[in-house]
Amino acid sequence: MNAFRFFPPSRSVLLLVLGQAAAVLTIWMIATVWGAAQAAPDQQEIVVQSGVPQSFDPHRVNFEQDVAIARMLWRGLYQLEATPDGGVQAVPAMAAGAPSVNGNVYTVTLKTELKWSDNQPLTAADFEYGIKRACDPVVANPFQYVLGESALNIVGCDAYFNGQGSRDDVGVSAVNATTLQITLVAPKPTFTTIMSLWVAFPARQDVIEEFGDQWTDPANIVVNGPFTLTGLTPGAGGQAILEPNPEWALEPEPTLRQITIKFIDDLEAAFDAFEDGELDMTNVPASKIAEIQVNPILNSQFLKVGASRIWAVEMQMEDPVLSIYNVRLALSRAIDRETLVQAAYNDAYQPATYWLVQGLPGFQGNAAFENIIGYNAGAAQTALADAGYPNGEGFPTLTLTVLDRDDRIAEGTFLHNAWENILGINVDIEAVDAQARSQIFTSENFDLFPGGWQNDYPDPENSLIGLFDTDGGNNQYNCSDPDIDAKLSAAATETNNATRIGLLQDAETLIVTRLCGVAPVYQTAYLYLVKFNIGGVRPNGQIDAAMPGGWCPECWYVYVAVGGIAELPEVAETSDSRPGLYTALAGVAAAALVAAAASAWYARRRWAAR
């Protein structure tokens with residue numbers, strides 16, 4: 001009698017069984033996991049990355065990470081929102097509608113029954129106080145010029161800011177609790193757009209007078225935006241905790257119960273934290289693009305959004321060497337922008353010798369400037385010789401101040417090598433943290449400074465006014481040129497839009513060809529990773545600041561996959577250009593099918609060899 005004998009399955013059989021199981025699982029996933037729903041309230045919490053903010057005071061912020069948080073905590077009379085075609089428009093926020101215009105007097109009616117986060121009424125007087133505070137010389141708002149003669153030109157704002165007038169002379173007044181009157185020197189077509197910016201956010205006089213510089217601490221702060229600040233550990237490695245403002249007046253109401261903002265300047269570390277599940281949303285360095293693209297899961301969560309930001313080598317015009325035009329020209333002509341973008345940023349950015357970015361009215365592009373300031377090693381050497389430093393002889397050592405981050409150091413090293421190899425000069429690299437970098441720039445204590453400008457609103461005046469007019473609020477490189485001043489001054493008062501754009505183009509041409517404080521290098525893109533279960537992310541490179549879709553954080557929410565065949569959920573419509581849950585599931589399904597096929601092939605091959 002033959003006994004029944006058990007033989008353990010071979011590895012081939014096990015692989016085949018596992019492969020078939022994977023195939024069955026894949027079929028089940030494809031057949032059933034097509035629905036999605038908002039997660040439960042206790043799951044509506046996310047953790048996002050941000051650079052270290054320098055200020056939470058909306059009338060003192062100066063950097064994109066500060067702006068991103070300011071938009072979460074406050075809103076103005078109007079707010080910027082993305083349009084379906086990728087554009088931007090200003091729409092009423094705290095205002096009830098469009099302003100009433102009588103000559104140069106703009107009257108704005110507020111929505112009724114508005115409140116601050118502490119349940120106190122939000123009135124026109126709070127907007128009067130906030131706007132006048134932005135003109136206050138003691139506050140020293142770096143964006144005051146947006147309200148002054150350079151742009152909006154509110155009567156008396158510049159005089160007050162420059163110590164030649166008083167607060168009472170500023171042309172902003174609360175007629176009653178819901179009516180605000182703003183008097184300009186002349187009508188301005190960008191009124192509602194500028195009134196959407198943080199420089200025109202409301203503020204509570206009683207809170208600021210009671211707590212002074214500590215008024216933005218979590219225990220003291222009052223806000224009117226969708227979220228309020230409930231926790232803060234300042235500085236690198238710290239975090240801010242935001243929770244919904246119970247008195248938020250607009251729609252939608254925030255779904256997220258908590259946003260934790262981790263302050264991480266090192267994007268390599270932020271990338272690792274995302275992979276480890278510690279972050280739900282982060283900026284990523286361009287050096288990680290290749291790694292992301294070969295990883296189906298990461299690639300399904302990757303966002304590249306064209307940014308309205310130009311990056312340049314900023315040059316201190318008060319330095320006796322850099323004040324020489326041919327020195328600046330030599331430095332610019334020695335930069336191979338195309339190779340720099342390839343070497344330091346994996347081709348993520350667009351080489352640029354222009355300043356007005358693609359996407360703005362008046363964009364002129366590289367063709368207008370490449371032959372003048374673009375890469376030409378021989379012409380760079382000639383310019384340096386014409387400046388009195390043939391082959392770099394006698395040229396003093398300059399310092400290039402960069403953010404202590406791998407990609408910025410790689411960029412700085414590229415520039416150092418180019419100037420040394422082509423011009424024969426030495427430029428030291430000084431790598432500093434974000435806070436030190438900000439202080440060095442705002443104190444104008446730099447020689448060469450890779451930095452840039454992200455548009456605050458989609459108009460070319462925002463890229464020029466205040467940055468290149470003499471003594472402009474953001475003119476830390478001290479460009480001062482009477483021809484540029486004349487063009488910008490004329491544009492500021494021009495009511496014919498086509499003529500105004502032409503004047504701004506003329507100003508750009510003078511700035512770029514004379515290298516007045518800047519040598520443009522590239523136009524950037526935002527590079528993000530966003531977990532595929534985060535809904536409502538609506539990126540727009542014209543108004544994004546530090547976080548994707550940061551112009552509408554109240555739109556964000558967490559969703560979960562659900563079983564059963566379902567119609568495409570709303571989240572698929574609100575995730576805009578980024579791949580959503582279905583792309584990720586398709587990637588997983590495809591990977592499982594490949595695994596099934598590979599295991600079956602391996603098993604057949606092993607059996608055939610017996």
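Reader: Leaving aside the neighbours within four places in sequence, which residues is N299 in contact with, and what makes that a contact?

Author: With those neighbours left aside, N299 is in contact with I292 and Q293. The word applies because contact means heavy atoms within 4.5 Å. This is a predicted model, in which local features need pLDDT of at least 70 and side-chain atom pairs count only at pLDDT 80 or more, whereas totals for chains, interfaces and linings use all residues. Residues are numbered from 1 along each chain as its sequence is written, and side-chain values use heavy atoms, leaving out hydrogens and water.

Reader: Where is N299 placed, and is N299 buried, partly exposed or exposed?

Author: N299 sits in helix 9, residues 296-300; a helix here is a DSSP run of H or I with at least four residues, a strand is a run of E with at least two, and both are numbered from the N terminus. The relative accessibility of N299 is 32%. Buried means under 20% relative accessible area and exposed over 50%, with a 1.4 Å probe and protein chains only. N299 falls in between and therefore counts as partly exposed. N299 and I289, ten residues apart in sequence, have C-alpha atoms 8.9 Å apart.

Reader: How do you describe the packing of helix 11 and helix 14?

Author: Two packed helices are described by the angle between their axes and the distance between the axes. For helix 11 (residues 337-345) and helix 14, the angle is about 145° and the axes are 9 Å apart. Axes are lines fitted to C-alpha atoms over the stretch in contact, and angles run from 0 to 180 degrees between N-to-C directions. On the helix 11 side, the contact is made by T339, L340, A343, A344 and Y345, and helix 14 brings residues including D407, R408 and F414. This contact divides into seven nonpolar, one polar and three charged residues. Ala, Val, Leu, Ile, Met, Phe, Trp, Tyr, Cys and Pro count as nonpolar, Asp, Glu, Lys and Arg as charged, and the others, Gly among them, as polar.

Reader: What makes a space a cavity rather than a pocket, and how many cavities of 30 Å³ or more does the search find?

Author: On a 1 Å grid over the protein atoms alone, a cavity is a set of points where a 1.4 Å probe fits but cannot get out, and a pocket is an open set with protein on both sides within 12 Å along at least five of seven lines. The search of the whole structure finds five such cavities.

Reader: Which residues lie nearest the centre of the largest cavity, and what gives the most to its lining?

Author: E64, Q65, R309, W311 and R437 lie nearest the centre, out of 49 lining residues; lining residues have an atom within 4 Å of a point. Strand 17 gives the most to this lining, with five residues. By class, 24 are nonpolar, 14 polar and eleven charged.

Reader: How much space lies in the largest pocket, and what lines it?

Author: The largest pocket holds about 470 Å³. Its lining has 20 residues, with Y145, S150, D469, D471 and G472 nearest the centre. Helix 16 gives the most to this lining, with four residues.

Methods
Points joined across faces, edges and corners; volume = space filled by probe spheres on them.
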